[in-house]
Each structure stands twice: as structure tokens, then as C-alpha cells.
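Hi everyone, thanks for making time this morning. Let me put the structure up on the screen, and then we can walk through a few parts of it together.

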Protein chains: 2
Amino acid sequence: MNINGTSTRTIRPLPDNYGVEIIDQTLLPHRLEFRTLRSLEDAAEAISVMRVRGAPLIGATAAYGVALALSEDSSEGRLELACERLMATRPTAVNLRWALERMQNRLTPLPAAQRCEVAWSEAAAVCDEDVMLNQSIGRHGAGLIKQVYEKTSRTVNVMTHCNAGWLATVDWGTALAPVYTAFDAGIPVHVWVSETRPRNQGAALTAWELAQHGVPHTVIADNAAGHIMQHGLVDLVIVGADRAAANGDIANKIGTYLKALAARDNGVPFYAAVPGPTIDWRLNDGSGIPIEERAADEVTHIQGQMENGSVTSVRLTPSQSDAANPAFDVTPARLVTGIITERGVCPATREGLSRLYPEAGTSSRRTA
Amino acid sequence: MNINGTSTRTIRPLPDNYGVEIIDQTLLPHRLEFRTLRSLEDAAEAISVMRVRGAPLIGATAAYGVALALSEDSSEGRLELACERLMATRPTAVNLRWALERMQNRLTPLPAAQRCEVAWSEAAAVCDEDVMLNQSIGRHGAGLIKQVYEKTSRTVNVMTHCNAGWLATVDWGTALAPVYTAFDAGIPVHVWVSETRPRNQGAALTAWELAQHGVPHTVIADNAAGHIMQHGLVDLVIVGADRAAANGDIANKIGTYLKALAARDNGVPFYAAVPGPTIDWRLNDGSGIPIEERAADEVTHIQGQMENGSVTSVRLTPSQSDAANPAFDVTPARLVTGIITERGVCPATREGLSRLYPEAGTSSRRTA
């Protein structure tokens, strides 16, 4: 992805590994500010308060969090503690567990003296692989957009939810990778960006990164998604996922389920873009996915920019009113037209996923 | 409804008819401020910028708008101009047309000298009738809540959307009248209040009036409605309507359709509370209902209260991003379990409605 024309990743190690640079996503779209994580605690805080978010980027940040922890103390105890601390930051995105298990499996057998260096290179490998997975998702998903274009010869309208773009990953994005790939190939594409209350990752992040890349887009209230589909203005929906169960059930940002229902009711294809590390083969279906309950003040308050340019939080509700804030919902596989993975597009079924990931199908049966 | 314990209507004529007092709903929930409309233009502006909103209250305000216009000049030309001006304020709520046609039919045949006085009394009659209709909707709808309570012996969870409460009417509300009636009868009830972006009438108005009445409630992001239903936390959904077609299709605040889809998918009964004047017998189905497109800045910006107590508008989106803002959607009758009218609860079908309104069924056939 380009920021002001310069190719940039959302996370990168600083020279001599003294820290890791991220974009503080809590300040977008109003301010682009980079921030340096210098310790395990910095990494854990960045994930918890959502300076970084999006399942793949959470995984990448956790991997670097382990590297930062081992830079201070590379003992096995420290490695375990670091993984525990990071694991506790957010419950729903399975990439967090995936990245931490990968780091632990790679690092535990090593002598302490080697762990730190290998941790940094393993975290870098997690990031490089994420980029490759997403490029591949982009190619497969762009094929779906191209099919619509070849049939209609007009701008293809894609609807997405939340941010599963470049900012949710190391580069390219998951749900938006097909959009960027199609756009770069000259296919005219327009994106309906649902704002994604309560944290507005659509209005704040997806709109911002699409604007940076020059992709035409329109922000809508989440409530408008059904109406827009009823009026034939959406060719396909592509969303990301925080965790997919082995049967194709998809946990994603709260509100995804409502879009899937509207897509089904209006005959609009509904795809989830899911890289391998986001599939939880240990879960037979979505009922076992832990759903994060976040603080009520994300609903009662919202952050925005005043006319004088300063960013502030304002209260939306009466002070006597309580609020509930489930951060994710589960879209049942029956509503998902297909899953776009780095290995191709498959039906949202156990069989569909197992055919693409035969090696994982076995471990699933073992632990189910 | 009580405000700070005092029984209050949302609109009332001032002594000697020199003006009409409303609550400026654009300032809630942060500030309760009454405002005096002194002219036709004041009334039209109040409807346009949504100082008053909600189909029944729009109708009532329009009726008083005619009275204010005739207080200056009671000629037939002035009457026609006033109705035209008011009719142009907002397109979707059919109560506006209903109230203006009623005023015109009543006033046109009169000698000019009588028109002004009759206009004030007719507007008062529109208001009094609205209160009676809503009380009746309250009784019929409370029966549905009571049925759930008798079956479960626990708090009944009602979900609503937008504000179809006291503030949307002259008193009592439509969708919330059953809630208040059940609550006042001692049935334990809890309301899920969806915030209703972009203008947040749920978070701002419904939460505020439920708090004033002491009804337990919880605000959620609109996106959370499906998840809450998936987890069995909703016994029934009750929404209002800006216009119902003769076949039971319901135009209501944008996002209503998504809630209806989620209700259907989870076996949750979905009711629309619709007083007679909100039924448009001239429309065979919802496809002919005009859907208001409002300004993009209702999506790109939001109003809230800063810590210092002042109310401000903040920008949510990047300045380069466009936004679309359809204000209503149409929920097809097939998703509506029943319509709660002042004459009882009926199926959302032409037959169901015609049985309750036999006199209108004929006019419908005539003009369909």
C-alpha cells in the first residue's frame, strides 16, 4: 500500500531491532502518526487498545512482541510469560494464538542465546508470509470481481464491513486485497464502506486507505447496507474474518451477520476473505468462538475531529443509559457464498476448506 | 409522558394561539429546550431540520403550521400555499400528507373569517386523536408483551429501532406505547435500544425518554442487533413506521429491514406499530414509497457532548470520502409478524389491514 505515494507496511522492525514501528490506528483518519513499540508491554498495550487491529496484524504484532520480550531476557520462562501476556490481550482473532504458538514452537527448543535473534527473524517471516498470503487472496478474489465486470461491462460495486484492508494486515489486506488487485488491473470498482459502529473502522480506516490508493468509495451508515442491496447497488460483499471455524462459520466484526442476511435476501454473493492462519481447525463450528465484550464507552462515546482540527471524544447517550458492546458476531456458513483463501475460493463447508487444506483436515479430526 | 415527573406533550399551542411550543429534539439528550414556533416558516423549518420528527408528530406539527399560516392570512390562496410549503418538507412520512389533506378538506369550504379559529381547533383535534390512537396501540401491544411474560415469568426483552416513542408522537408513542403500558401495569420489561445511525434517534431520544420514564434499557450499536437475537436475548421486536403500504410493507428508519431479517432468521416476532393515519391506502406495496435522501454530513459528522458540557459536531470520515444517506428502508410484509394498530393486531397483509379498516379498503381499491 502507498501512503502519499510511498510503499509502506503497517508494521516494521527498526534498525538493530531496538523497536518496532507501527501506525497508531486510533488516530486515523484525522492524523497519521507512527509509534515505536519498545517492549513486550508496548506491544500488548497496542493490541489491547487497538492501535493495531485486524486479525493478521494482531498476529504480526504479537510475534514482534515476543521478540521485544526476548530482547530483554531470552529465558524459557520469559518466553512463556510473554506469550501468556500477549494471548490475554484480545480473545477473538485466532491469528494471535496462531502466531504465539508458532513463535513458541520455533523458540522453545533453542538454546537461550539463540532465541532472541531467531525471534526477530521469525516475526519478520510471519510478516512476509502475511503479505504473500494476502497477495494470493487478492489474485483469487479479483477473479470474482473480474467475472462481474466481464458480464456487466460497468463499474463493479463491492460492499465491505469494518476494515479488512491493508491496515488490518502487514500489507494488501484480506477483504480489500481483491479490490486493490482488480483496481490495479484496470477494472472499474467502487466500494460501499459501512462505517462499522461502534469504533468506525470502516469510516475511519477503510475509507482512508481506499482514498490513499485512489479507489472510488462511498461511506454509508451500517443501517443502510440492506437498502443499498435491495436497490441492486451491490454486486458482491467481501468481508474479512477474525476466526473461521472448520465448518466455514465466520466470526467477524459485529454487524457482519446482518450484511450476510441482507445479501442472502437479495441474491448478492457474500464472500469472506480468510488466510490460512485465520482458520481455527480445532473448532467444529462457530459456537465455540469467544466473542469479545468491549467497554460500554465505545458505544456511549465516539471520537471525531472538531472544526479547529483537534480530535475529541463526545458523548452520544444520556448519562443514565447503559450500553452493551459485543465486538464480533458469527455468520453461519449457510449464509456464506464462498471463502477466499490464499489457495483459492472454496465453499464455506468443512469439505470445501479441507480440500484446500488437506494437512489441517487431519489435525481437525484429531482434536475435534 | 413525564419529564422530570411532570406530564408533558411534545407539542402544544400557547395561550391565545400566538404560537406553538415544541421540544427542540436536535438538542436531546444533552439539553432539554422548548422552542416556540410563531409562523408557517418556523413550522416548516422545525420539520425539515428535525427539531420535530416521527411520523405522527410531523403530522401534528404540520396541522399547527397551517393554523399559524392562517393566523396571518386566512385566504384560500394562503391555505393552499401553506399546505404546499409544509408538504415539501419531508417526503416519506405519510402522516404529513394525511394531516394536510385533513386540514384542507376541513378548512377550504369555510368562509375565510372562520378558517383561522377552526384551524387551531382542528390541529388540536389531530393531536388529541393521536394520543388516543397511541394509547390504544399501547393496550393492544402490551397484550403481546404480557403473553411473553405469562409464558416465561421473567423480564421481557423488547428490541426497538430509532425513536417511535413519546417524542415521535404527541404523547405515548407508537412502538413504545406497548412498552410503557406494560411497564405501568407492573410487567418487568427491558428495552434494547439500537442507536440508529446516522442521527442516533435511538441513543439520543429513545434512551432519554425511557430513562425519564424509568424503563430499564440498554443501548447497542445497530450492528449488534443480530448478535443479540442469535443469543436469545430478544423476545420481540417492535418498531414504528413512517408509512405502511396497503399490503403491509413498512417504510421505517433506515436499518429496520436488517432487524426484520435478523428477527426472521432467529424466530423472533417482529411487529410494526402503525396508527391508521400512517397507512397509505393508495399504495399497493412499498415500492412506491418515496425514500428521503438526506445530507451526507449526517454520515460524515456526528453531534455529541464534550466533557465540558458543550455540544459539538465532529467529523468521522476522511475529508476526501463521499457518503450516501438514505434515511428510510422498506421492510417487506413477509418479514413482519403483525401490525399493531389502534384497532387491534393484524397480519401484515392487505386482508389483515382491510379487515380492521373496512372503510379504507374500498378507497384503496378505487385508487389502486
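Let's begin at C116(B), which is partly exposed, with a relative accessible area of 22%. Please keep in mind that this is a predicted model. In the other chain, C116(A) is likewise partly exposed, and its relative accessible area is 22%.

So, how many disulfides does a search of the whole structure find? Zero, over all chains. C116(A) takes part in no disulfide, and the nearest cysteine sulfur, which belongs to C83(A), is 14 Å away. For C116(B), the nearest cysteine sulfur is that of C83(B), 14 Å away, and C116(B) is in no disulfide either. A disulfide would need the two sulfur atoms within 2.5 Å.

Now, how do the two chains relate? Turn by 180°, shift by 0.0 Å along the axis, and chain B lies on chain A with an RMSD of 0.0 Å. The two copies are therefore related as by a two-fold rotation axis. And through which surface do the copies meet? Of the interface residues of chain B, 100% are also interface residues in chain A, so the copies meet through the same surface.

Last stop, the inside. The largest nonpolar core has 76 residues, and the members that touch the most others are M159(A), V237(A), M159(B) and V237(B). Take M159(A) on your screen: leaving aside residues up to four places away in sequence, M159(A) touches W192(A), I220(A), A225(A), I228(A), M229(A), V234(A), L236(A), V237(A), I238(A) and K259(A). Notice that V237(A), from the core list, is also one of those contacts of M159(A).

Key. Residues are numbered from 1 along each chain as its sequence is written. Chains are lettered from A and ligands numbered from 1 in the order in which they are written. This is a predicted model: local features need pLDDT of at least 70, side-chain atom pairs count only at pLDDT 80 or more; totals for chains, interfaces and linings use all residues. Side-chain values use heavy atoms; hydrogens and water are left out. A nonpolar core is a set of buried Ala, Val, Leu, Ile, Met, Phe, Trp, Tyr and Cys residues joined through side-chain atoms within 4.5 Å. Buried means under 20% relative accessible area, exposed over 50%, partly exposed in between (1.4 Å probe, protein chains only). Contact means heavy atoms within 4.5 Å. Copies are superposed by least squares on the C-alpha atoms of residues with pLDDT of at least 70 in both.
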